[in-house]
Amino acid sequence: MKRTGIFYGSSTGMTEGVAHTIAQKLGIAPTDVHDAARLSAELLDNYEALILGSSTWGCGELQDDWYDAVKVLRNANLSDKTIALFGCGDSESYPDTFCDAMGLLYDELKETGCRFTGNHVATDGYSFSSSVSVVDGEFVGLALDETNEADKTADRIEAWVKNLDL
């Protein structure tokens, strides 16, 4: 496995918890799990692969820590990086913007030369009406609803990590 860093944006702790669960499943040390607010070019240089996660806020917005972090990513040379995305959303209260933040990260990074993995996740079994994180009928990463479907999280993470090419 490539040297992998996980970066998350989390306001309530749910996305942070998911980041640590993913790290455990992949055998990634807790010291390689970082708040997106700490993302820097120097820290990026330590990793060949990145797993990026964000909760969705407001009307389909990135979690606040990602706004500066996205600038760091866009200014970095990502052509030799493998990137996987995960997102947390609320499909019941916000069915029209479910996990949009994950799609926003994808949109920001798709032209950087990075290689995505884990970006073909079926929408079957999810209940939502719209999401910018759905491209060609599939999620661009792992979509989770810790508010309404926490009972499905473990199985969804397990299936997703098996398909990552890190």
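Is Gly13 buried, partly exposed or exposed? In this predicted model, Gly13 has a relative accessibility of 31% and therefore counts as partly exposed, since that class lies between the limit of under 20% for buried and over 50% for exposed. Gly13 belongs to the loop that joins S1 to H1. From Gly13 to Ile28 there are 15 residues in sequence, and the two C-alpha atoms are 19 Å apart in space.

The interior comes next. The largest nonpolar core is made of 51 residues. Within this core, the residues with the most contacts are Ile22, Ile51, Leu52, Trp66, Phe86 and Trp160. Two of these names return in the helices described below: Trp66 is among the buried residues of H3, and Trp160 is among those of H5.

Helix H3 covers residues 66-75, and its buried residues are Trp66, Ala69, Val70 and Leu73. Viewed down the axis of H3, these buried residues fall within an arc of 105°, so they line one face of the helix. Asp68, Lys71 and Asn75 are exposed on the other side of H3. The cover over the buried residues of H3 includes strand S1 (4-9), helix H2 (41-44), S3, strand S4 (61-62) and helix H4 (100-109).

Leaving aside residues up to four places away in sequence, Trp66 touches Phe7, Tyr8, Gly9, Ala36, Leu39, Leu52, Gly53, Ser54, Leu73 and Leu105.

With a relative accessibility of 22%, Val72 counts as partly exposed, because the limit for buried is under 20%. Beyond residues up to four places away in sequence, Val72 touches Leu39, Ser40, Ala41 and Leu44. Ser40 is 32 residues from Val72 along the chain, yet their C-alpha atoms are separated by 6.2 Å. Leu39 is a contact of Val72 and also of Trp66.

Helix H5 runs over residues 150-162, with Thr153, Arg156, Ile157, Trp160 and Val161 buried. What do the buried residues of H5 pack against? Their partners are helix H1 (14-26), strand S3 (49-57), strand S5 (82-88), strand S7 (121-122) and strand S10 (142-144). Thr153, in helix H5, has 9% relative accessibility and so counts as buried. Apart from residues up to four places away in sequence, Thr153 touches Leu144 and Glu146.

The largest pocket has a volume of about 280 Å³ and is lined by 16 residues. Thr56, Trp57, Gly89, Asp90 and Thr147 are the lining residues that lie nearest its centre. H1 and S3 are the elements that give two or more residues to this lining, and S3 supplies the largest share, three residues. Sorted by class, the lining holds six nonpolar, eight polar and two charged residues.

The second largest pocket contains about 160 Å³ of space. Its lining consists of Gly118, Asn119, His120, Val121, Tyr126, Leu142, Arg156, Ala159, Trp160 and Asn163. H5 gives the most to this lining, with three residues. By class, five of the lining residues are nonpolar, four polar and one charged. Arg156 and Trp160, which belong to this lining, are also buried residues of H5.

Most residues other than glycine have a negative phi. Cys99 is not a glycine, but has a positive phi of about 55°. Asp136, also not a glycine, has a positive phi of about 55°. Cys99 lies in the loop between S5 and H4, while Asp136 is placed in the loop between strand S8 (134-135) and strand S9 (138-139). Is Cys99 buried or exposed? Cys99 has a relative accessible area of 1% and is therefore buried. Asp136, by contrast, reaches 76% relative accessibility and so counts as exposed.

Conventions
Residues numbered from 1 in each chain as written. Predicted model: local features only at pLDDT ≥ 70, side-chain atom pairs only at ≥ 80, totals over all residues. Heavy atoms only, no water. Buried < 20%, exposed > 50% of the residue type's maximum accessible area, 1.4 Å probe, protein only. Helix = DSSP H or I, 4+ residues; strand = E, 2+ residues; numbered from the N terminus. Contact = heavy atoms within 4.5 Å. 1 Å grid on protein atoms, 1.4 Å probe; cavity = no way out; pocket = protein on both sides within 12 Å on 5 of 7 lines; lining within 4 Å. Points joined across faces, edges and corners; volume = space filled by probe spheres on them. Nonpolar A, V, L, I, M, F, W, Y, C, P; charged D, E, K, R; others polar. Arc of directions from axis to C-beta. Core = buried A, V, L, I, M, F, W, Y, C linked by side-chain atoms within 4.5 Å.
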